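Keep the viewer open and follow the points as you go.

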Amino acid sequence: MRSETSLIPLGIFSEKKSRRLKKSLPNTAMQSMPSAWLTVLMHYTWHCAPSISTALAIAYSGADPVLVDIDEEDFNIDVDLIEQAITPRTKAIIPVHLYGQPAKMDRIRAIAEKHSLAIIEDSAQAHAAECNGQRTGSLGTIGCFSFYPGKNLGAFGDGGAITTNDPTIADRVRLLRNYGQVKKNEHSMLGFNCRLDTVQAAVLLVKLAHLDKWTEQRRRVAARYNELLADSDFELPIERSDAKHVYHLYVVRHPERDRFIEELAKAGIFCGIHYPNPLNRAQPFEAARTVPSGLPVCDRISKEIMSLPMYPEMTDEQIVRVAESLNACLAQS
Ligand SMILES: Cc1ncc(COP(=O)(O)O)c(C=O)c1O
């Protein structure tokens, strides 16, 4: 995070608490965007279980999302396709750092610069992840973090924050989160109530001190899965050489994943699918524009991916049990 980056929790953190948060986290959840933006975004991520939040935020801002397919290697936005989605009306690129691995930010920054576009990082799944040694949330114009309880840094309920180096954007977001209030009873714009409640702020401040340790524990779980499943037929997640992956999710791929999920559930091991439906199959975005080639990779992988149990406190015994159960399923294939 660059030293001048502003972190604007969408809540009632004091400025002092914000400074503490800012030291560790470059950015958090964005609740609103300038209106009339036509936005380029990766499509796949947001058709997530609780919401299709990022695409909805774009739509609510008055913009139209343009959906870009993903890269089969890391499941992040396919940077080779981005320029096909850009038109004279495009205002921003929104890469999602999916599953905790940053998108290829060097190339995205070069494209954004060439076309004079803003970058809004969706870092909801990537607290403390890095691209070329720099933390997510400090790699674009604006960074957005979620503190939903299941996230790598989760509150007791909902919450989020944004980070930015741009003082004009920072001031505007501060107004937007609190009814557009400049000072008591003086309102300069149509704002929202996007404040984080104090209980969430208190929980987050305590948990924040543990984030780096939890990140390393997640990485340990991932490394152990990699080891135990190395000789299996599963396609395992890769960590790119320019990236530090924080394994919000550990996602493996296999054409028979539905059977495996069923078998593991019988043994009391519950796996998820993130996500079973590409965003353009969600009713509100059925008509959304995509790159000309459509979203074939999203379609393909959505039928084959499964997320293994992943949390910092997993014991070696638990990791081994999951891996052995998967290997046993494979042996029956
Ligand atoms: C990639 C991504 N973006 C955005 C969000 C939305 O975050 P929130 O639920 O805090 O609004 C989520 C949460 O599920 C997410 O995973």
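This is a predicted model: local features need pLDDT of at least 70, side-chain atom pairs count only at pLDDT 80 or more; totals for chains, interfaces and linings use all residues.

The protein has 333 residues, of which 44% count as buried.

**Overall make-up**
- Among contacts between residues at least 6 apart in sequence, 71% join residues at least 24 apart.

**Helix H10**
- H10 runs over residues 316-331, which is 16 residues. From its first C-alpha to its last it reaches 22 Å, close to the 22 Å expected at 1.5 Å a residue.
- Ile-319, Val-322, Ala-323 and Leu-326 are the buried residues of H10. They cover an arc of only 90 degrees around the axis, so they sit on the same side of H10.
- What covers the buried residues of H10? The cover includes helix H7 (211-228), helix H8 (257-266) and strand S15 (305-308).
- Turn to the other side of H10 and you will find Glu-317, Glu-324, Ala-328 and Ala-331, which are exposed.

**Strand S3**
- In S3 (residues 65-68), Pro-65 and Leu-67 point one way, while Val-66 and Val-68 point the other way.
- Side chains in a regular strand alternate between the two faces of the sheet.
- Are these four residues of S3 buried or exposed? All are buried.
- S3 pairs with strand S14 (residues 289-290) in the parallel sense, over 2 bridges. Within this pairing, Val-66 stands opposite Arg-289 of S14.

Note on methods:
Residues are numbered from 1 along each chain as its sequence is written. The expected span of a helix is 1.5 Å times one less than its number of residues. A residue is buried if 20 or more other C-beta atoms lie within 10 Å of its own, exposed if 12 or fewer, and partly exposed in between; C-beta atoms are placed from the backbone. The arc is that of the directions from the helix axis to the C-beta atoms. Two residues are in contact if their C-beta atoms, placed from the backbone, lie within 7 Å. Two strands pair if DSSP finds at least two bridges between them.
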